[in-house]
Amino acid sequence: MANATLQSAAAPRLRPLGRDLIGLALIALAGLSGYWLFPDNLAFLTRVISVALLVLSLDLVVGYCGIASLGQAALYGAGAYAAGIACINGITDPILLILIGAVAGAVTGLFTGAVMLRAHGLPQLVLSIALVQLLHEAANKASWLTGGSDGLSGMAPAPLFGVFEFDLWGRSAYLFGLCLLLVVFAVLSLIVRSPFGMVCRGLKEDPLRISALGIYAFPVLLKMFVISGAVAGTGGALAAIATQVVGLDSVSFELSANALVMLVLGGIGHLYGALIGTVIFMALEHTVAAINPFHWMTLVGAVLIAIVLFAPRGLSGTLDQIAALLTRRGGRAGR
Amino acid sequence: MQTALSIAMDAFAYGMALFIICIGLSLTMGLMRVVNLAHGAFAMIGGYIASWAGRDLGLGYGFGIALAVIGTVLIAIPLERLLYRRIYDRSELSQVLMTIGITFCIIGITNYIFGPTLKTIPLPAELAQPVDLGFRSIAGHRLFVIASGLVVAGGLWFLIERTGFGIHLRAAVENAGMARTLGIRTEIIYALSFALAIALSAFGGVVGAEFLPIEPYYALRYMVTFLVVVSVGGAGSIPGALAACLLLGAIDVTGRYLVPDFGNFFFYLAVILVVCAFPRGLMGRAH
């Protein structure tokens, strides 16, 4: 009897795991096809991956905890600057640099989370903006450490595993980034489905009921902020290693706002949505903004308005709805 | 002493210019519960129209202001009917996204029409001259901004607290369903208050152009400043907005005079401290 319940409990658990593996395979496939199709644009593609990590981290906060933030780049920039400064000061192993970036992001996440969770709603949004602006000004002022408005340059990361050099073509940087993205994505898929992830979702849906269940929200949300900071810091460190320059724009309100737009485009509350949104947004930006930056702004604005009016759940949510409509008949017949 | 006085005068005038722009945003956010990040975009449209009227049509400053206010409201009314009306009862995130979208569109279209250059608004001779106050002289334009700010604050207070329209507005905000049942046409009240907020933003954009120059990315550059000021003051409160504008204006101007290489550092530090200490803003209402 006990065996039977265990089995029936284990059976549905396999299904999302299988779906995750297919998803990871799809991401790897898309990444590798990018590698073969656009061998001249690998630097741009690496940037897409690092921003995708930022958007994923934002999704953890906005999509899974329901905390609107316009300051996520603070965490990304902290990771980028930490990795860059460490690299200049003699720590050149890329994996170690990524870890340093992740830790710096997590610490910044702990700090910003502790401040932001003091308020709710609009003041919270304003706090997130103020925090990223404060860090921006601090990075600008501390030019002895960060290079100020000239940016931090002169990094020379050692070859990965002592074999693969970070050269001008950016092949190893891109493949390194892709592997990093796959690892992070796999870990995040497990986290958002864990009991902890479920509590976060619950806090987003109905905070009152969750607190009635005896759960104190603050440490749960703070933990998510720390995880989100680690992911964003990883993205920042990847950008620092790949481009070997860290600019003030990596900790800016503009980057934070763009990350939110990408997330909304892809779909809030889906890890896949974050990736889809980043790829589409950055590919469009790459082509249209090169022609005329003001046309680009008009286009982004129009897309944002259209999403809010017609597809509030973003592209991935809309795709889900379409899929549900298509499969509803088949699914019912099967039962 | 001389420096302290001139800093104080500048800070006061700058705070008043901020107030004229931000009070409209405070009204839409506090009374109508819409986070309108496109507020700065309407101030920018006002500035562009006034600049066009002053430089290309050769109209006077007063006509420029009137044209800017009327033109901006005419542009904003269809936007309210088509777009804003749909987000009145949506989540804050939807409102933020929609209004950022509107801001981007306005920036893109304005620059397509007027070109990506800094726009100046010619001042009349009376305002360009310094005025002697007895103990020191001050640019006439600053006095004009300060006076306008005081008039706007007083006028709004009177409108909301002492007139029939104000009573209807407050009723519609407290309980829209009950107000409708009592025969108040809430959608007209909302549209009128929205138009009033936009008119104030256009007015502020024109008179504040000496402090916040009209340029292509105006709407984006000051979007955060306006939002921050309203949030610090407490949305919907006129004295709160006034206090926040004067406090943050003073910190900003003093910081720029005394420690210019710190940029906005102290401004945002003050914002974080105030919001942490008063999560609803200096004089916000509990909802």
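**Exercise 1.** Determine the handedness with which H1(B) and H9(B) cross, and describe their packing.

*Solution.* Step 1. The crossing of H1(B) and H9(B) is left-handed, a crossing being left-handed if the near helix is turned anticlockwise from the far one by less than a right angle, and right-handed if clockwise. The model is predicted: local features need pLDDT of at least 70, side-chain atom pairs count only at pLDDT 80 or more, and totals for chains, interfaces and linings use all residues. Residues are numbered from 1 along each chain as its sequence is written, while chains are lettered from A and ligands numbered from 1 in the order in which they are written.

Step 1. Helix H1 of chain B covers residues 2–30 and helix H9 of chain B residues 186–207; helices (H or I, at least four residues) and strands (E, at least two) are DSSP runs, numbered from the N terminus. Their axes come within 8 Å and cross at roughly 160°. Axes are lines fitted to C-alpha atoms, for helices over the stretch in contact, with angles from 0 to 180 degrees between N-to-C directions.

Step 2. H1(B) and H9(B) are therefore roughly antiparallel (angle over 145 degrees).

Step 3. The residues of this contact comprise 12 nonpolar, 6 polar and no charged. Ala, Val, Leu, Ile, Met, Phe, Trp, Tyr, Cys and Pro count as nonpolar, Asp, Glu, Lys and Arg as charged, and the others, Gly among them, as polar.

**Exercise 2.** State how helices H2 and H10 of chain A are oriented to each other.

*Solution.* Step 1. H2(A), residues 42–65, and H10(A), residues 217–243, pack at an angle of about 170° with axes 8 Å apart.

Step 1. That angle makes H2(A) roughly antiparallel to H10(A).

Step 2. By class, their contact has 18 nonpolar, 6 polar and 1 charged residues.

**Exercise 3.** Identify what chain B contributes to its contact with chain A.

*Solution.* Step 1. In all, 37 residues of chain B are in contact (C-beta atoms, placed from the backbone, within 7 Å) with 33 residues of chain A.

Step 1. H4(B) supplies the largest share of the chain B side, 17 residues.

Step 2. That side has 26 nonpolar, 8 polar and 3 charged residues.

**Exercise 4.** Summarise the secondary structure and extent of chain A.

*Solution.* Step 1. Chain A has 14 helices and 2 strands.

Step 1. Its C-alpha trace spans about 65 × 50 × 45 Å along the principal axes.

Key
Two residues are in contact if their C-beta atoms, placed from the backbone, lie within 7 Å. Angles under 35 degrees count as roughly parallel, over 145 as roughly antiparallel, 65 to 115 as roughly perpendicular and the rest as oblique.
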